[in-house]
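Student: Hi! Could you walk me through this one? I'd like to start with the charged residues.

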Amino acid sequence: MIRDLVPDDLWARIAPILPPPPQRRNRHPGRRRTDDRTALAGILFVLRTGAAWRDVPRQEMGCSGITAWRRLRDWTEAGVWPRLHAAILAELRKAGLLETDDCAIDGSHVRSLKGGAHTGPSPVDRGRPGSKHHIIVDRKGTPLAVSLTGGNRHDVTQLIPLIDAIPRIRGLRGRPRHRPQRLYADRGYDFDKYRRLLRRRGIAPKIARRGAPHGSGLGKTRWVVERTFAWLHQFKRLRIRYEMRADLHLGLLQLACGIICLRAAFQS
């Protein structure tokens, strides 16, 4: 079951970037530490099934839910998930599987059941507490960067932060890529101020105009970001936000992005 949840190709990329385990005491060492791969399997079990941490099957997994949660906390604080995502993006670029000249951006609302940081009354869910996932993808829908905000934050507020959050993607000789040439977005991003900010960064804004009739043709490129949200929400733990700590929910979101990128590497 552990190898099904944590296949060898995923483990080979995560293992080198995990922080070293703490030194065991010589006297009174206590219970032996759960293996990292087993703990990661517990995290992925929750991410994929949406189960509560207390419902992780300890006998089958070899790991309790609280152990998996603590390891998620420690690895999130150590910055493991962004490093994993950046490493897989570099592999994709080296293999010629990234098309970052054209990128698309969008946001998606999720309900938040327990509150916490980065939640707010959602205008699309009768004012119930919620959060937003914001994502920027390449032409194929490969996620490049992701962020988390309250449900009442406007999508356009994350346009520049997401552009700046794209890692410097290595993998080929020369300067690492970290900015697209063109950015596609829907009418929610139709502000001239942000068009100017994009142009200053050398990015051509392809943003639909409010009030203009449909049929601009931008959807032929922009639809991939909607598909990426569908991929993300196949991870049931991301459909509704249960974590009160925003950094842990964002950590799960970043881990899911890394897995999606890894799938792209092996499906090509």
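Student: Are arginine 195 and aspartate 190 buried or exposed?
Tutor: Both arginine 195 and aspartate 190 are buried. Keep in mind that this is a predicted model. For arginine 195, the relative accessibility is 4%.

Student: What does arginine 195 form with aspartate 190?
Tutor: A salt bridge, with the closest N and O atoms 2.6 Å apart. Arginine 195 also forms a salt bridge with aspartate 192, where the closest N and O atoms are 3.4 Å apart.

Student: Where do aspartate 192 and arginine 195 sit?
Tutor: They are 3 residues apart in helix H8 (residues 192-200), so about one helical turn separates them. Aspartate 192 is partly exposed, at 43% relative accessibility.

Student: Which residues are linked in that network of salt bridges?
Tutor: Asp190, Asp192, Arg195 and Arg209 are linked in it.

Student: And how many salt bridges does the structure hold?
Tutor: There are 16 salt bridges. One of them joins glutamate 77 to arginine 245, with 3.0 Å between the closest N and O atoms.

Student: Which parts does that pair tie together?
Tutor: Glutamate 77 is in helix H5, while arginine 245 is in the loop between strand S7 (240-241) and helix H10 (246-267), so the bridge ties together parts 168 residues apart in sequence. Glutamate 77 counts as exposed at 52% relative accessibility, and arginine 245 counts as partly exposed at 30%.

Student: You mentioned helix H5. At what angle do the axes of H3 and H5 cross?
Tutor: The axes of H3 (residues 36-49) and H5 (residues 65-77) cross at roughly 100 degrees and come within 8 Å. That makes H3 roughly perpendicular to H5.

Student: Which residues make the contact?
Tutor: On H3, they are Asp36, Ala39, Leu40, Gly42 and Ile43, and on H5, they are Ala68, Arg71, Leu72 and Trp75. They divide into 6 nonpolar, 1 polar and 2 charged residues.

Student: New topic: how many disulfides are there?
Tutor: The structure holds 0 disulfides.

Student: What about cysteine 261 and cysteine 257?
Tutor: The closest cysteine sulfur to that of cysteine 261 is in cysteine 257, at 6.7 Å, which is also too far for a bond. Cysteine 261 counts as buried, at 0% relative accessibility.

Note on methods
Residues numbered from 1 in each chain as written. Predicted model: local features only at pLDDT ≥ 70, side-chain atom pairs only at ≥ 80, totals over all residues. Heavy atoms only, no water. Axes fitted to C-alpha atoms, helices over the stretch in contact; angles between N-to-C directions. Helix = DSSP H or I, 4+ residues; strand = E, 2+ residues; numbered from the N terminus. Parallel < 35°, antiparallel > 145°, perpendicular 65-115°, else oblique. Contact = heavy atoms within 4.5 Å. Nonpolar A, V, L, I, M, F, W, Y, C, P; charged D, E, K, R; others polar. Disulfide = S-S within 2.5 Å. Buried < 20%, exposed > 50% of the residue type's maximum accessible area, 1.4 Å probe, protein only. Salt bridge = Lys/Arg side-chain N within 4 Å of Asp/Glu carboxyl O.
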